[in-house]
Amino acid sequence: MKSKKLISVALSALFLVPSLAFLGGCGTGNETVLRVYNWEEYIDEGGEDSYAYDPIENPNAPSIIDDFESWFEETYNAPIRVEYSTFGTNEDLYNQLKLGNSYDLVCPSEYMIMKLAAENMLQPLNDAEDPDDVDFFDQTNELNYYANHVSPFIAEVFENGTVEVEGTTRRWSEYAAGYMWGTTGFIYNPELVSAEALDQGWAIMLDKNFRKRVTTKDNVRDSYFVGLAILYRKELLDLDREDPEYNKKVTEIMNRTDEETISKVQNILLEMKENIFGFETDTGKADMVKGTIALNFSWSGDAVYAINLAEEENDMKLHFHIPEESANLFFDGWVMPKGANRKAAKAFINFLSKPENAVRNMDYIGYSSVIAGEEVFEYVQETYETEEDDESAAEYDLSYFFGEGAVISAAADQLDRQLFAQYPPQEVMQRCAVMDYYGKDDALINELWTKVKGETLDGWAIAVICVAVLSIAVFVLIVKFGGKIDLFRRKPKKGYTLVKQEAYRPIK
């Protein structure tokens, strides 16, 4: 855990004194409006589901946004109102920004952060040209909760990640502050999937023994990642894990987008498509709990949710597995679009980064916060630490994330269940790679996905569709031209004449 620099009492007091300069023109009595755009159901919304809820002491637990507005006014002696709205996909967010909708703070995933930065649509967290701007990363400022409590692991990831902005190499940390993070892997039923089967790694998606019993994500990035891992399995496993450049080499392999690689991945995904139960975005959890499938490609937060639900509803023990080749390390982070109120936005990030607030959000949405303060570690202990007399207990080292000495005594089954999903051990994290955005290769990757998702129909299905289309066409003609078309009308018997019938009209 990062240590704070020693400062004088006088300097500390200066940082804690509310400052009108910090508000960027928001003086007392002038309400600031902070426009926040976040994922659906991705913040503590208060009520009975809130970690802050107590039926006696706090039966009307406010949302964390309500608490921020109160905290801001108390801290900076100025009112603020948060206009909070949500989106469903990174692409929805991107389109809204391109359409000109303005926000002060948005929360995209890692690849979209890179894309927005590369297209020069973001402003840095710090403004070097503004003498009144408060340094977001100054650990001597006690109000900088993010800088003082972000996990050293996450801080290193953000510091090492780079993106080209107008010909200049910039670090992710210049633009983004982390919010939640996780990995990808498999939820599986150990009664149906053996350890030997899991040894295949991601290639289990092609295993005929699991035909129509496995699902994967319905998006090009996650599916392409799986295809890469299958294609380069041997190369990934042959890497020296003691090599200081090991993770860098894994990341390079898992971001290859040359034409030959794309073509080979496409063939793998087409083969996989024939074997899986289907592509899904949110139904995989329910399918696992119901027992419809035996194994599901999953994001770690969804895995925790499914594992909990299966045990509560069906007394079913589901596990989480991260294949040996590699897995995706993903994160969502806060960034400020051009024109944002930088100072109010940074205050919002810092408020969410207070460890007690990080716990509230973690508990509410099920994902792991990037914050590693004492309260967060205590929450993990309370959630996963086993009884002292549990003979199955095993030491679980979380020092890489929380700092030196962060070790808990966990029940043996947590080594491949919820704890493992939320905080994989350091040696597992070493093989996890962040996926870049595709940039100039975006069109080629999207073309691959179009071909993979394109439906191919059998001859009988095509015939049925043709008959249906013809029938609809005839029906439309009849409706349009009414009695002028005699296609389905019988000719009258000899000596008789067909009489036009008046349409029935009810008596008013």
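Helices (H or I, at least four residues) and strands (E, at least two) are DSSP runs, numbered from the N terminus. The views below come from a predicted model, in which local features need pLDDT of at least 70 and side-chain atom pairs count only at pLDDT 80 or more, while totals for chains, interfaces and linings use all residues. Residues are numbered from 1 along each chain as its sequence is written, and side-chain values use heavy atoms, with hydrogens and water left out.

**View 1. Ile 64 in helix α2.** Ile 64 belongs to helix α2, which covers residues 64–76. Because its relative accessibility is 0%, Ile 64 counts as buried, where buried means under 20% relative accessible area, exposed over 50%, and partly exposed in between (1.4 Å probe, protein chains only). Apart from neighbours within four places in sequence, Ile 64 is in contact with Ile 43, Asp 44, Phe 351, Leu 352, Asn 357, Arg 360 and Asn 361, contact meaning heavy atoms within 4.5 Å. Ile 64 and Asn 361 lie 297 residues apart along the chain, yet their C-alpha atoms are separated by 8.3 Å.

**View 2. Tyr 84 in strand β2.** Tyr 84 is placed in strand β2 (residues 80–87) and, with a relative accessible area of 26%, is partly exposed. When residues up to four places away in sequence are not counted, Tyr 84 touches Val 36, Asn 38, Trp 39, Ile 43 and Ile 65. With Asn 38 there is also a polar contact between the two side chains, at 2.9 Å; such a contact is a pair of N or O atoms within 3.5 Å, of which, within protein, one must be able to donate a hydrogen and the other to accept it, and residues adjacent in sequence count only if both atoms are side-chain atoms. Ile 65, 19 residues from Tyr 84 in sequence, is 8.5 Å away from C-alpha to C-alpha.

**View 3. Strand β10 and its pairings.** Four of the five residues of strand β10 (residues 295–299) are buried. Strand β7 (residues 177–188) runs antiparallel to β10 and is joined to it by five bridges, with Phe 186 opposite Phe 297. The pairing of β8 with β10 is parallel and extends over two bridges, with Thr 215 opposite Asn 296; two strands pair if DSSP finds at least two bridges between them.

**View 4. Loop residues with positive phi.** Glu 41, in the loop between β1 (32–39) and α2, is not a glycine but has a positive phi of about 55 degrees, and its relative accessibility of 64% makes it exposed. Lys 212, in the loop between α7 (195–198) and β8 (214–217), has a positive phi near 60 degrees and is partly exposed at 34% relative accessible area.
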